[in-house]
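Here is a short briefing on one protein structure. Take a look at the model before reading on.

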Amino acid sequence: NDTQTWRATAAYELDLTKRQLGTHRFAALASSETFDFFTEALNEVNLTPPGNATYPLDLTVAANQIWRRTYLDFSSGDPKKRGALDPREYPLQNVNGITSGYRRTGDTSNVQTTTTDSLMLAGQSNVWRDRIVATWGIRRDAQDFWNGSKATRDPVTREFSIRQARQANTDFAGNTRTYGLVFRPLPWLGFVYNNANNFVPQTPIDINDQPMGPRFGQGTDLGVKLGLWGGKINVAISRYRLTESNRTLSDASVTTSLVPAINEIWEALGRPEKFITSPRDSVANTGRGWELEVTANPSRNFRLALNASQTDVVQSKTLPRAGAYLAGNLALWQQNAARPLVSPFTAIDTNINPTIADAIRSANNWLAVIRRAEGRSPRQAVKHRLNVFGNYTFRRNGAWYDSLSVGGGANHRSHPVTGYDATRNFAEVYGGETLVVNALLAKVE
């Protein structure tokens, strides 16, 4: 991987306090980042198979792979006594008809280039003796994504070709903005409002071998801030709402079950070029909740911080690409529903002479399993969080305990969502709550 980045920044302050128009600050940023990604994997195989049923000319089959062993030998530090592990030290050249070499036996080669250009302008205005503070910002991001070509396969050895760089191009661009207002009618009372959206570039390739595209988000919060006891105790209470769309979904069932079932169909149809090699898809989430923050310094020696939140998250738009992919290919697959699958079978719910019809059913079943979170809280979602920490520092010149700090805290998480109960209309199933308690004992010299 290689990343190159350049940035240019500028700032300006306009002071109009003498005209009773406040102080205004501006900042600008321009940046460009280029990310080059390359991956490759070669396996050692027998380059001279006889071409019979046991050792076919297909170099990608398991029978033609070469495995080297190493051994533990605590009597010597010489690695040569631990087996013929290093192919450079122990090459195989026509040994019992075997000549070894490294070949691309899987579609593991990939090359990508991503360029992201950004422009940003932001400002802050303080008026009415800082009782009103307004902030704003606008930003433009443009992403140029180049993907490598699809791999081809040798008709005899079945080796995969290396992917050529800059063969498929996709551009994304988006504008984001943010604005907020703080109003302090009294020295100890403030009202806060913020609204922002975001554009986050993503580089993963989806189930259709196309870039996922950016993730979009929207957030709003409204709250009140209190400064009590001369500022020794500060309290902030806020209500917020967050949404995000096209977020890359991480679910093991996609790669271990759904996609293998689809690839079984293409293998049975003799269409290996249709295999799905990058099974990424997306999901959308909406969250609403409350947050409480308290920081207290009642004395020079004692400090306390508390944060508590309650969030309700709902998942939606689960795997839209996979659903469209199954629907778009269903007619072709059903025309060949009786065709048997090629052994060995992966992610098929029956091993008794399975057909394409069985693979279609398995793929749809796995899609339904993954979509159980639709309209519910996603896995690992936690509704309640609590963090509290406090410490006291002893101060006495000359005493052994001068500058000694003693403190402790706790972190609590309520029951996370771990799954969905099919017997109760896929209601959320919860795991165990967690409580972590910590202690502090330190002395600052």
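Predicted model: local features only at pLDDT ≥ 70, side-chain atom pairs only at ≥ 80, totals over all residues.

Residues are numbered from 1 along each chain as its sequence is written, and side-chain values use heavy atoms, leaving out hydrogens and water.

**The largest nonpolar core**
- A nonpolar core is a set of buried Ala, Val, Leu, Ile, Met, Phe, Trp, Tyr and Cys residues joined through side-chain atoms within 4.5 Å.
- Buried means under 20% relative accessible area, exposed over 50%, and partly exposed in between (1.4 Å probe, protein chains only).
- The largest core has 27 residues, and those touching the most other members are Leu258, Ile262, Ile265, Leu319, Tyr325, Trp333 and Ile356.
- Two or more residues come from each of α1 (252–268), α2 (320–335) and α3 (356–370).
- Helices (H or I, at least four residues) and strands (E, at least two) are DSSP runs, numbered from the N terminus.
- The most, 8 residues, come from α1.
- Leu258 touches, among others, Leu319, Ala322 and Trp366, not counting residues up to four places away in sequence; contact means heavy atoms within 4.5 Å.

**A buried strand residue**
- Gln315 sits in strand β12 (residues 302–316).
- Gln315 counts as buried because its relative accessibility is 6%.
- Its contacts include Val283, Asn285 and Arg376, not counting residues up to four places away in sequence.

**A partly exposed strand residue**
- Leu121 belongs to strand β5 (residues 110–127).
- Leu121 counts as partly exposed because its relative accessibility is 36%.
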